[in-house]
Amino acid sequence: GHNIPRFTRWNDIEEVIQFTNEAVACFRNEAFDREVLCRYVLSRLLFHVNLNGMPRKEFEGPIPLQRVLRWVKNNHTRPCPVEQLAKIAGWSPAHLHLAFQKHLQCTPHQMVIRERIKTARERLVSTLDPIKKIALECGFSNAGAFSRLFKQHTDLTPVAYRERYLQLNR
């Protein structure tokens, strides 16, 4: 009866875990006021509904760089050689590298890896597909390389990441 809009994305899984543990601990404590807990949980959920409903600020750098970023976002599961990305921008590979460093503080390759890791994180928590299948479908050459990069970016192996998320559903 609280008329909360439906939402399906909470970007920071660590924040979800912390919020869930906090709410469950308060619920288990019979001395904690249930009405206060209910208002807190509803307020927090409404905050995230509104946060996710806000229009995302688009990158405002050079238009050629915007084209490359859109292409990477839509095609990161395929091979993304720098020469191809440079061609999309209409720049040389060296100029593309410099533009990435100046405007995004990363290299084109690092941006592709970030997008692949982001997709893999979503797949790990929303499917029960094998890690190897997720790695290949997200654009990684093999499961070993995927696991190493995933751990570098999240401090967890893909298996540990999936297990941590699945604990929330129990």
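**Exercise 1.** Does Thr 107 count as buried or exposed, and at what relative accessibility?

*Solution.* The model is a predicted one, in which local features need pLDDT of at least 70 and side-chain atom pairs count only at pLDDT 80 or more, while totals for chains, interfaces and linings use all residues. Residues are numbered from 1 along each chain as its sequence is written, and side-chain values use heavy atoms, with hydrogens and water left out.

Step 1: apply the cut-offs, namely buried under 20% relative accessible area, exposed over 50% and partly exposed in between, with a 1.4 Å probe and protein chains only. Thr 107 counts as buried because its relative accessibility is 16%.

Step 2: list the contacts (heavy atoms within 4.5 Å). Once neighbours within four places in sequence are set aside, Thr 107 touches His 97, Phe 100 and Gln 101.

**Exercise 2.** Determine how the buried residues of helix 3 are arranged around its axis, and what they pack against.

*Solution.* Step 1: helix 3 covers residues 63-75, and its 13 residues reach 18 Å from first C-alpha to last, close to the expected 18 Å, where the expected span is 1.5 Å times one less than the number of residues.

Step 1: the buried residues are Pro 64, Leu 65, Val 68, Leu 69, Trp 71, Val 72 and Asn 75. Seen down the axis, they fall within an arc of 160°, so they line one face of helix 3; the arc is that of the directions from the helix axis to the C-beta atoms. An α-helix has 3.6 residues a turn, so residues three or four places apart point the same way.

Step 2: the face turned away from the buried side carries the exposed residues Ile 63 and Asn 74, whereas the buried residues pack against helix 4 (82-89), helix 5 and helix 6.

**Exercise 3.** Carry out the corresponding analysis for helix 4.

*Solution.* Step 1: Val 82, Leu 85, Ala 86 and Ala 89 are the buried residues of helix 4, and they line one face of the helix, since they fall within an arc of 100° when seen down its axis.

Step 1: Glu 83 and Lys 87 are exposed on the face turned away from that buried side, while the cover over the buried residues includes helix 3, helix 5 and helix 6.

Step 2: just after helix 4, Gly 90 adopts a positive phi of about 80°.

How values were computed
Helix = DSSP H or I, 4+ residues; strand = E, 2+ residues; numbered from the N terminus.
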